Structures are given as structure tokens and as C-alpha cells.
Amino acid sequence: DAKVTFRTARSVIERLAREGYVASRPGIGTVVTPKNLTIWRGRVLFVIREEDEASYHVHGVMGEVRRRLIEAGYLFFCVVASRKPNGDRSQLKAMLGTPGDFAIVMYDSPPVEAMLAEAGVPYVVVYGEGVSQKNAWQISFSPEEAIDAFVSHCRRRQVKRVTQVDFDDNSVKPMDRALVAAGIETDHVLVRSRPELGRFAGIEHAAYEMFLKYPQQKYPDVFFVWDIFVARGFFAALQKLGVEIPEDVAVVVQTNPGLGLLAPCPVTRFEADGEAVGATVAGFVLSILRKGRIPKVPTIGRSYVIGGTFPR
């Protein structure tokens with residue numbers, strides 16, 4: 001007789017089970033687990049959109065999250081689910097047929113979030129633009145630090161106009177506000193993709209065609225390109241035209257570490273480090289899973305790295 005209450009004994013056994021030292025066996029009871037047997041602590045889903053299956057950045061984030069969760073003893077599953085109202089989410093539906101402890105959703109997806117909420121699975125949206133609520137959190141994109149560094153650079157160089165280039169309508173409003181507040185004029189150029197050529201090749205080719213025809217008299221002091229595939233087509237067009245960078249025009253690109261561009265020199269850039277984002281996401285999720293408490297929700301930023309396309 002150990003002279004402890006039933007409640008204390010049960011609490012100790014539950015903790016030993018959570019840490020993988022014992023396991024419950026139906027009809028037998030609680031047994032000690034072999035040292036070489038892995039006991040998984042839980043199950044986490046990582047949900048991506050179908051259009052992001054080939055995304056370098058998304059796979060960088062996912063790879064780091066997977067590594068950290070598996071090291072911590074959690075099963076990791078990648079699930080592809082459409083965010084379109086009538087899109088294919090059968091994979092996610094099948095995965096939700098068995099118990100899940102947590103889900104990580106890349107980018108806002110109302111249909112996916114509705115399915116998770118109905119299944120009672122807590123989740124976090126990476127690059128979320130919604131509002132955090134019970135059992136659902138939003139890790140938002142916060143570019144202000146990098147934007148401040150870029151605007152300060154523009155001031156030092158006495159830049160008068162910045163043209164922002166992207167392939168959709170998701171222009172970053174904080175950039176517009178910061179430039180206007182600094183007395184710098186800004187405008188936007190929208191590249192229309194060629195989807196028949198494939199998602200990424202279509203963006204790159206459309207940018208190449210657009211900037212071959214873009215009037216050089218309309219060039220600003222600085223082009224800010226928000227997408228790497230747009231930037232590839234953009235640099236190719238300017239090279240074809242014989243435009244000198246940064247002598248004729250300066251260029252800044254949002255890109256990922258290790259993803260090279262055929263530029264005349266190292267690119268000045270907003271650097272989006274997928275592994276760093278993955279580490280932030282994994283840390284947040286593990287705090288909830290391990291400790292059962294909700295830590296402060298982090299934000300995801302960018303680093304401003306000065307290169308030769310817009311030098312000091």
C-alpha cells in the first residue's frame with residue numbers, strides 16, 4: 001500500500017502515459033512500454049491549398065513544422081484541400097474521420113476552417129487575415145519592420161516614385177501608407193497571368209511580355225516587385241531591352257532565401273524565410289499541445305536585405 005489516493009495514482013498514470021512510459025491495453029490494463037517503441041503524443045494536420053502544392057515558400061514552412069513536431073513526438077499529416085466553395089476537400093474529410101489534436105492551415109480558407117470547427121479540431125491559420133477566436137488563431141503577416149527599413153532607404157536615396165508590381169490585387173496597404181507618409185509617390189502595375197501556361201510559368205511569361213512593352217519613360221526611381229515569378233519575367237525583359245540595373249532603374253523584390261534570380265547583381269529584397277516562419281508556427285502549436293495554455297499569438301515579418309539592385 002503506497003498510501004496515496006486513487007485520484008493521485010490516476011494523475012500519475014495519466015502523466016506517464018502522456019510521456020510514453022506506459023500505455024493502456026484493453027482487457028489487460030496499464031502496461032510499461034518497451035524502450036524502443038515510439039508512442040506518439042498526438043496527431044497534427046497541415047492543410048495547404050491545391051495551388052500551393054509546388055510553392056517553395058509553403059514547403060519551406062511545412063518542412064520545418066514537420067521536423068519540429070515529429071521530434072516532439074507528434075504524427076504529422078499534409079492534406080491538400082481546395083478553398084473554393086465547391087472545390088475538392090475529400091482528403092480533409094477523410095482525415096477528420098479519425099481523431100485529430102490540432103490543424104495548421106496555410107492562408108485563409110473559410111470552407112476548410114468551417115470543417116475543422118464542425119469537427120471540433122482546434123487550428124491556427126498561417127498568414128491569416130481573420131480574427132482569433134476560441135480554439136482558432138490567426139498568425140498574421142506583419143511587414144512593417146521591413147517596410148520601415150525600405151522607406152528609410154528610399155529617403156536616403158531621395159527617391160521620388162516607387163512602382164509596385166504584383167500578379168493579383170493583394171497589394172500591401174501598409175507599404176502604400178508608409179510611402180505616402182514619407183512624401184514618396186507610389187503606383188501599382190498588375191501583371192495578368194497566362195494560366196494556360198501553368199500557374200508559375202504563366203505569371204513569369206506574362207510579366208516578361210508586359211515589361212517588354214512597358215514604356216521606359218514611365219519607369220519610376222524604384223520598382224518594388226512583390227512576387228518572385230513576376231520578378232523573373234521582369235528581369236528577363238529588362239535584360240532583353242538593355243536596361244541597366246541600378247543605373248537606369250533600381251529594383252527591390254520579395255523573395256525567399258536560396259531562390260536565385262537572374263539579376264545583374266545580388267538583389268535588394270524583402271526576404272521571406274520559410275524555415276523561420278515554420279519555427280515560429282511550430283513553437284506556437286507545441287506550446288498549446290504540450291502545456292495546454294495559449295501563448296501570445298506571434299506575427300510573421302520579413303527581413304530587408306540590401307543588395308546591388310538598389311544599393312546604399
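This note goes through the nonpolar cores and the salt bridges of the structure above.

1. Basis. The model is predicted, so local features need pLDDT of at least 70 and side-chain atom pairs count only at pLDDT 80 or more, while totals for chains, interfaces and linings use all residues. Residues are numbered from 1 along each chain as its sequence is written, and side-chain values use heavy atoms, with hydrogens and water left out.

2. Main core. A nonpolar core here is a set of buried Ala, Val, Leu, Ile, Met, Phe, Trp, Tyr and Cys residues joined through side-chain atoms within 4.5 Å. Buried means under 20% relative accessible area, exposed over 50%, and partly exposed in between (1.4 Å probe, protein chains only). The largest such core has 28 residues, and Phe-211 and Phe-235 have the most contacts inside it. At least two residues of this core come from each of helix H7 (199-213), strand S10 (222-225), helix H8 (228-241) and strand S11 (250-255). H8 gives the largest share, 8 residues. Helices (H or I, at least four residues) and strands (E, at least two) are DSSP runs, numbered from the N terminus.

3. Phe-235. Contact means heavy atoms within 4.5 Å. Leaving aside neighbours within four places in sequence, Phe-235 is in contact with Ile-245, Val-251, Val-253, Leu-261, Leu-262, Ala-263, Val-267 and Thr-309.

4. Second core. A separate core of 27 residues also exists; among its members are Val-61, Ala-72, Met-106 and Leu-286. In soluble globular proteins, nonpolar side chains tend to be buried together.

5. Glu-64 is buried at 10% relative accessible area, whereas Arg-67 is partly exposed at 39%. A network of salt bridges links Glu-64, Arg-67, Arg-68 and Glu-71.

6. Arg-194. This residue is partly exposed, with a relative accessible area of 26%. Arg-194 forms a salt bridge with Glu-196, the closest N and O atoms being 2.4 Å apart; Glu-196 is exposed at 56%. Arg-194 also meets Glu-209 in a salt bridge (3.2 Å, N to O). That pair links distant parts of the chain, 15 residues apart: Arg-194 is in the loop between strand S9 (185-190) and H7, and Glu-209 is in helix H7. Glu-209 is partly exposed at 31% relative accessibility.

Technical notes: Salt bridge = Lys/Arg side-chain N within 4 Å of Asp/Glu carboxyl O.
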